[in-house]
Amino acid sequence: MTEKTAESNRLKTITLKVNHKEYTVDVEPRMLLSDVLRDILRLTGTHVGCEHGVCGACTITMDGRPVRSCLVFGVQADQADIVTVEGLESEDGELHPLQKGFWEKHGLQCGFCTPGMLMTACHLLEHNPDPSREEIREAISGNLCRCTGYQGIVDAVEYAAKEMRERAE
Amino acid sequence: MSIGASLKRLEDYNLLTGRGQYVGDLQFSDQCEAVIIRSPHAHAIIRSIDVEEARGFDGVLLILTASDLPDDLRPIPMRLSPDPILEKALQYPLAKDRVRYVGDPVAVIVAKNRYMAEDAADLIKIEYEVLPPVTDAVQSLEPEAPILHPDAGTNEMYLIHGKKGDAAERLKTCEHVLEEELYVQRHSGIPMETRGLLALCDEDERLTVYGAAKVVHFNHQLMARLLNKNIDEIRLVETDCGGGFGPRGEFYPEDYLIPFAAMRLKRPVKWIEDRLEHFKATNHSREQKHRVTVGFDGDGRIYALRDEVFFDQGGYIRTHGTTVPSLTQAMLPGPYDFSDIEIVTHLVLTNKTPVGTYRGPGRFEGTFVRERVIDMVAAHLKLDPTVVRERNYIRPEQMPYSNGLSALGQVIEYDSGDYAETLDRARKFMGWDEFAGKQSRARQEGRFIGLGFASFVEKSGFGPWEFAEVEMRPDGRVICKTGLTEVGQGITTTLAQICSDQLGIPYGDVSVVHGDTALVEKGNGSFATRGAVVGGSAAWHAAGLLKEKLLNIAAGQLEVPADMLALKNGGVVYAETGQAAMPLEELLPVCSDLGISLCEKYTFHIEHMTYPYGCHAAEVELDPDTGALQILNYYIAYDLGKAINPMLVEGQLIGGMAQGLGGAIYENLKYDEIGQLVSGSFMDYLIPTSMEVPEVTTEILENYPSPLNPLGVKGAGEGGTVAVAPAIANAIVNALQEYAIPITSLPLRPERIREALKQMKPER
């Protein structure tokens, strides 16, 4: 047993880019990416709600795709480009249109699922700037929310899509 | 005016930017982590626990079993509706010699981090002698059933008997009598954030515990009592909280164990419940069987209601005592005027996770039973179910109205309301008058659609009191301290709006402080939809006292009577004209020079609860081949007296509806016959996603302000949840009228509808 522990304790050095900043850290191979982000990098905006990949609270984008950080080992994120909720604001502190939308349209109550929702919705709007309500519902269907009944979230994403389209024009 | 406006929430900026501070986000140096070892058996005697190998494991700092806890440790007491009869079945923080449900805490292991603690947990050897379990409340009452708590001598811990008139006699004279058995399944709040605690103990044995929620001040006192410490040696601090819904924030075994471990180790100890653990450890709710008898005449007027309820408590009595079964019983008659009622509720132990409250406790269950029964009466008489409702409603002129039953130490006395109006609005919105035609046209196209209604009365404003302290700082900013807590419902914004209204300042200038026992002197917390009603009224009065003080000082300065002045737009104005008289920047230095404290406290007492009400309506379509259900249209009319922030009220109603929908169709904490929880992960416990929750139309009414508080509010927390199941069930029955499908139990799973459709031939 002690042998096994020594093995699992063997640290690996990984380098990853998070919110445009590069980090090099030593991690146990079994450490989840969500724990690397939260406990080592102290980016606690990414939340852990189930650790079995169903709730979506820990969603981040990794190399441009939404990913559940509780289903990825830290070592698998070596050389990856990651964006978390902390990376959504612009550098001058202006909120992302989605963050504004969630605020305007009451798209959150307890706020625990919100970071994962924002990251999922962000990916949707990058690929579909004018989604229907049904498309929004489908896109966020992998993220559980226990407070809002989703309607405010759908309103928020619609709001953000409109704002982003107007900005692009 | 700030009250009544849909203002954006003050809570949101931090939560949207990742700056929220949930308990799991906190990190202190030298922090270590605890894992709770739980029973894998539903019912067993603990023969031995061998922790030696685990103790020597790398990184392990502490292992606790029941024998490591003080000999004189008391079990966790009841918070609400305590009763000495129930004390023999209370839960100790760690199981001593016997376990009574899968998940019963047996040991605690603390290591440098959770990975190490979990590794070491595998090395603890516990020998169990497995006993026969009982997993059904009715079977648990049979003579041969195993007794869970030998000291109690019975699994029937309590019997609640409520009576008005003589239902048995009345039934004998009724033209029609219906008897039905109905069942509501086990499910629960399942917040997105699991529970967690972080306890620190300094060199002087002073404890600080983060992660408290809901009833912080109560738990503060209880923690001190159980840990044998002075109240001023412990500080409880609320962090951001990922959803409450009833289960979170009650005093659980971990609320003793984690601080205890921190005291032993003199290091910060953190415990974050994992999701699989949450399903087994945190309060379940709702499971009830009802045997109902109603007596009525040919017009659908119901005279007698008799019900025998079997309430499944699980393995122990937890903090709610008899709260949920009492509320079920007392609120069962809902908005109707029944002359003779008799309800008997058996509170029964089983080898399952103990239960507590979940949003709309007792009302979700009772509303399902009652509103199904109303539709059954209508079907029996071939009457319009909405007409049967109308014929039985308590009328506005009968208010205040008591149904003769009591709960939480109070006789139920509805304060005001017009129940028929909300049904009328629902009928109109859903097009009930034209629906039969629409339905038959759909049927010709091979589509099965149905429309169902469910009326409800909620309760809110549970007392006995709540506290607020409002202070204006020299810079004009206001601090409002409240005994309420924030579980995501937005009390920060709500109270800021109330203070803003009284003091004539922007609501963003109000900082609301809550849930810290070092900062807020007392409080009862947030539960039972009491926040805006009791806590809001306390803040209203405290801010009102401050307003009076400010106006009196200004009156002295301006040499006019105080009643000619008002507070508005950040200053003192002349009440009649609104013309500025003295800005706060001038008034506040005067107060400071005069040495006047601008801090007022108020404790608002309330003797009776208040009763919001409404009507849910659902239009559904069923797929006859698969039994799948689609909700085409959903409507809620809700009269809550006064909405402080209509946007937040709508958020509560729609969010509440989604939880009710989960309970109606998807969620089920299901046990097998040996007492294993077989739906203990999100793979098997289905929470509605954005694809299942429909667009919901809400209509917020303010027709009957509560006469019991200065704001006229009746609370918004639970009305979205309680009537979903019967509205949908009634819609399903309506869609399949000719099939006579017995929809009497939850959840309304598609496979049941499909099976029923296969077996039942159309009646005609």
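1. Helix α3 of chain A, residues 97–104, is mostly covered in this predicted model. Six of its eight residues are buried: A:Pro97, A:Leu98, A:Gln99, A:Gly101, A:Phe102 and A:Trp103. The buried residues of α3(A) pack against elements of both chains. In chain A the partners are α4 (114–127) and α6 (151–168), and in chain B the partner is α1 (12–16). Just after α3(A) comes A:His106, with a positive phi of about 55°.

2. Two further sites in chain A can be set side by side. A:Ser69 sits in the loop between β4 (65–68) and β5 (81–83) of chain A. Its relative accessible area is 0%, so A:Ser69 counts as buried, the cut-off being under 20%. Apart from neighbours within four places in sequence, the contacts of A:Ser69 are A:Leu32, A:Leu33, A:Ser34, A:Leu37, A:Thr46, A:Cys58 and A:Ile60.

3. A:Asp39 belongs to helix α2 of chain A, residues 33–40. With a relative accessibility of 30%, A:Asp39 is classed as partly exposed. Not counting residues up to four places away in sequence, A:Asp39 touches A:Met31 and, in the other chain named here, B:Gln27. A:Gly142 is 103 residues from A:Asp39 along the chain, and the C-alpha atoms of the two are separated by 25 Å.

4. On the overall form of chain B: the chain has 19 helices and 28 strands. For 764 residues, a compact globule would have a radius of gyration near 27 Å, and the value for chain B is 27 Å, so the two agree. Along the principal axes, the C-alpha atoms of chain B fill a box of roughly 85 × 80 × 50 Å.

5. Of the 764 residues in chain B, 66% are buried. Contacts in chain B between residues at least 6 apart in sequence include 81% that join residues at least 24 apart. The chain exposes about 26500 Å², of which carbon and sulfur atoms supply 48%. Chain B carries 74 positive and 108 negative side chains. The centres of these two sets lie 2 Å apart.

6. One sheet of chain B may be described strand by strand. The sheet is open, has three strands in the order β4-β2-β6 and is paired in the antiparallel sense. At its edges stand β4 (98–99) and β6 (125–130) of chain B, each with a single partner strand, so one side of each is left without a neighbour in the sheet. Between β2(B), residues 44–50, and β6(B) there are six bridges, again antiparallel. Within this pairing, B:Ile46 stands opposite B:Tyr128 of β6(B).

7. B:Ala575 lies in the loop between β23 (571–574) and β24 (580–583) of chain B. The relative accessible area of B:Ala575 is 43%, and the residue is therefore partly exposed. Leaving aside neighbours within four places in sequence, B:Ala575 is in contact with B:Asp563, B:Met564, B:Leu565 and B:Ala566. For B:Leu565, which is 10 residues from B:Ala575 in sequence, the C-alpha to C-alpha distance is 4.8 Å.

8. Two cis peptide bonds in chain B deserve a note. B:Met399 and B:Pro400 are joined by a cis bond with omega about -10°. B:Pro400 is in the loop between α11 (385–392) and β16 (401–407) of chain B. Another cis bond joins B:Leu746 and B:Pro747, with omega about -5°. The loop that holds B:Pro747 runs between α18 (724–735) and α19 (750–759) of chain B.

9. Positive phi values also occur in chain B. B:Ser81, not a glycine, has a positive phi of about 35°. This residue is in the loop between β3 (60–65) and β4 of chain B; β4(B) is also an edge strand of the sheet in point 6. B:Glu205, likewise a residue other than glycine, has a positive phi near 65°. B:Glu205 is found in the loop between β9 (196–201) and β10 (207–212) of chain B. With a relative accessible area of 30%, B:Glu205 is partly exposed.

Terms used:
Residues numbered from 1 in each chain as written. Chains lettered and ligands numbered in written order. Predicted model: local features only at pLDDT ≥ 70, side-chain atom pairs only at ≥ 80, totals over all residues. Heavy atoms only, no water. Buried < 20%, exposed > 50% of the residue type's maximum accessible area, 1.4 Å probe, protein only. Helix = DSSP H or I, 4+ residues; strand = E, 2+ residues; numbered from the N terminus. Contact = heavy atoms within 4.5 Å. Rg over C-alpha atoms; globule rule 2.2 N^0.38 Å. Areas by Shrake-Rupley, 256 points an atom, 1.4 Å probe, with all protein chains shown as cover. Lys, Arg positive; Asp, Glu negative; His and termini not counted. Charge placed at Lys NZ, Arg CZ, Asp CG, Glu CD. Pairing = 2+ DSSP bridges.
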